[in-house]
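User: I have a structure open and would like to talk it through with you, one piece at a time. Could you put it up here before we start?

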Amino acid sequence: MTDVMDQTSPQIEVRNLKTYFYTEDGVVRAVDGLSYRLAKGETLALVGESGCGKSVSALSVMRLIASPGKIVEGEILLDGLDLLQCSETEMREVRGNRISMIFQEPMTSLNPVFTIGNQIMEAIRVHQDVSRKEARDRTIAMIRRVKISAAETRVDEYPHQMSGGMRQRVMIAMALACNPEVLIADEPTTALDVTIQAQIMELLAELQSEFQMSILLITHNLGLVAEVSDQVAVMYASKVVEHTSTAELFASPLHPYTHGLLTSVPTLGMPREQKLNVIPGQVPNPLHFPTGCRFHPRCPVAEQRCKQEEPLLREVKPGHWAACHFIENGKSPIKGADR
Amino acid sequence: MHTYIIRRILISIPLLFGLLTINFFLIHAAPGDPTDIFYNPDMDPEARENIRRIYGLDQPLGVQYLKYIQGVVLKFEFGYSIAKKRPVKDEILEALPNTIQLSALALLLELSLGIGIGILAAVKQQSTFDNATRVTALTFYSMPSFYLGLVLLFLFAGGVSATHWFPASGMVDIVRHESMSTLGRLGDRAIHIFLPSLTLGIGAAAGISRYMRGELLEVIRQDYMRTARAKGLTERVVVFKHGLRNALMPIITIMGLSLPFLFSGAVIVEQVFGWPGMGRVAVDAAFQRDYSMFLAVNLIFGAMVVVGNLVADILYAMVDPRVRLS
């Protein structure tokens with residue numbers, strides 16, 4: 001893949017990333033040739049079904065893949081620095097400092113035996129040479145910044161004394177404590193109820209402009225994608241199948257999988273009788289991916305060629321990348337896909 | 001917290017009282033009585049009755065019980081040991097510190113060895129060290145302490161002359177101890193206590209090491225460990241700060257429960273190593289039907305259970321902020 005957006009140099013660029021898990025049953029290709037770019041100050045949404053490799057790709061960027069997993073190939077460029085070439089010590093300088101991460105489960109992502117202040121302060125003190133007092137002051141300021149009231153008293157509270165939404169705010173405070181260039185948000189609102197979801201996303205958007213950071217948003221929630229992201233990369237079976245701007249993706253999805261995804265979301269005002277589109281079949285097992293195009297067993301337009309030849313991610317029209325044999329002249333092989 | 005501790009101690013009083021009552025009637029139901037040791041075939045039956053009268057054994061059981069309880073409650077008196085011919089309290093005050101010494105060292109060994117080995121085995125999961133300690137732990141865990149004691153005695157206390165490093169019995173060298181310097185005396189005590197405390201502590205350490213390994217492996221998989229790594233902390237801080245404190249919580253409970261076992265285990269180990277502690281006192285009291293002594297010994301063991309549980313609960317509350325004692 002060459003440039004998606006040559007006008008801005010990317011903050012983070014992933015090229016042909018492969019993360020495999022060597023299990024007893026065989027090699028699980030959790031991420032298999034993933035490429036995407038995230039521009040400075042922008043939000044890239046990485047969408048896909050459960051088990052398509054989204055989270056593993058995020059942990060790969062942090063280099064937090066534990067045995068039996070291994071990053072076997074690829075490049076992860078953070079402002080030109082290849083993270084896969086960094087030593088573990090150099091990588092620790094990056095984690096929590098230049099790239100931070102927030103996780104799906106705020107209930108279990110905080111250590112139950114330390115105060116939230118202690119846990120946020122720890123992130124500051126490991127990367128910055130500040131006194132205890134100063135770290136505490138900054139921690140309180142951070143807690144205030146994520147809109148938790150009574151920061152001075154809450155700093156000494158334990159995670160169990162807080163609600164899920166509050167804990168996710170604490171996670172955000174911890175992640176942003178060192179003013180990172182990139183924030184990876186791995187399904188940050190999935191475990192929260194809808195009203196809290198909106199608050200958290202709003203908070204993230206505010207902090208993004210305040211801190212001038214790039215966000216890699218991992219989600220399966222297309223509504224969220226439409227609202228907050230600038231670019232979208234759609235993942236299917238450990239690879240990106242389509243990558244373009246959010247507006248373009250929703251207006252003219254070109255890959256049959258993306259089309260299937262978008263039409264399987266119910267919309268308000270949709271007639272009751274109208275059936276919701278379903279993508280037939282199941283997500284392929286990463287132990288045995290189908291040959292050729294990995295989507296072909298579920299694809300409505302698949303032909304013989306799709307079983308044999310794997311389509312490459314190519315620029316099918318300016319600024320729009322997709323991996324399908326049948327996209328011609330920037331037109332989807334599915335009739336009526338352009339909305 | 002203070003009110004909680006005080007309440008727990010108050011609750012334990014009726015518990016220990018019940019223990020004392022049950023034990024009182026149990027030991028009296030056992031055949032024989034303390035005067036058996038004075039008995040010989042030529043003895044005048046009347047003389048024997050006299051002895052029984054002197055110790056109040058001729059009175060109805062209920063009266064004896066009330067008198068005994070009265071002594072314990074009002075005067076904190078635990079009666080007179082007929083076999084040892086001295087007050088029970090004196091005998092116990094002499095033996096108890098020796099047993100506490102032995103058990104405390106064994107506890108220290110149990111915790112330091114058990115936790116240390118457990119952590120290493122978890123951090124280096126599936127390594128040679130992990131596999132070796134697994135087998136070793138199983139071996140020591142399943143070995144009865146009296147047998148382990150005899151093996152150690154054979155190996156390091158005379159059976160093999162090349163490794164005759166430790167004395168076989170006693171707390172000090174009876175002949176030379178008095179003439180030693182302060183440092184020499186300390187060393188003398190150390191080499192005497194080493195084998196018995198090792199015998200007592202190593203089985204428990206084996207158990208703790210397995211628990212510790214399991215707990216830490218469980219904790220290492222938790223989400224908050226990933227969060228800690230994502231902050232850029234070193235693996236050492238992640239494991240020892242974030243992991244250990246969480247993994248130690250169940251260990252505290254196990255330790256609290258093991259305290260009385262350690263104490264009663266000492267009874268057997270003391271026999272093997274001729275350690276002048278509660279073990280001897282307890283066994284003698286049971287065999288000689290030394291009623292008062294037997295009751296006092298059991299009261300102390302009962303108190304150990306209560307104290308062990310209380311200590312575990314308090315430590316737990318100190319480590320886990322989610323637990324509030326009230």
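**Strand pairing and overall build**

Analyst: In this predicted model, A:His243 has A:Trp321 as its bridge partner in β12(A).

User: How many bridges join β10(A) to β12(A), and which way do they run?

Analyst: There are 2 bridges between β10(A) and strand β12 (residues 320-322) of chain A, and the two strands run antiparallel.

User: And what joins β9(A) to β10(A)?

Analyst: Strand β9 (residues 231-236) of chain A is joined to β10(A) by 6 bridges, again in an antiparallel arrangement, and A:Tyr236 has A:Lys239 as its bridge partner in β10(A). The hairpin that these strands form has 2 residues between them, and A:Ala237 takes a positive phi near 45 degrees there.

User: Is β10(A) mostly covered or mostly open?

Analyst: Strand β10 (residues 239-245) of chain A is mostly covered, with 6 of its 7 residues buried.

User: Zooming out, what does the secondary structure of chain A come to?

Analyst: Chain A comes to 11 helices and 12 strands. Its radius of gyration is 21 Å, close to the 20 Å that the globule rule gives for 339 residues, so chain A is as compact as a globular protein of that length. Buried residues make up 46% of chain A.

User: Switching to chain B, what span should helix α11 have?

Analyst: At 1.5 Å a residue, the 29 residues of α11 (residues 291-319) of chain B should span 42 Å, and the end C-alpha atoms are 42 Å apart, which agrees.

User: Which parts of chain B do its buried residues pack against?

Analyst: The buried residues of α11(B), among them B:Tyr291, B:Phe294 and B:Val305, pack against elements of chain B including α1 (2-29), α4 (88-123) and α9 (235-273).

Technical notes. Residues numbered from 1 in each chain as written. Chains lettered and ligands numbered in written order. Predicted model: local features only at pLDDT ≥ 70, side-chain atom pairs only at ≥ 80, totals over all residues. Helix = DSSP H or I, 4+ residues; strand = E, 2+ residues; numbered from the N terminus. Expected span 1.5 Å × (residues − 1). Buried ≥ 20, exposed ≤ 12 C-beta atoms within 10 Å, placed from the backbone. Contact = placed C-beta atoms within 7 Å. Pairing = 2+ DSSP bridges. Rg over C-alpha atoms; globule rule 2.2 N^0.38 Å.
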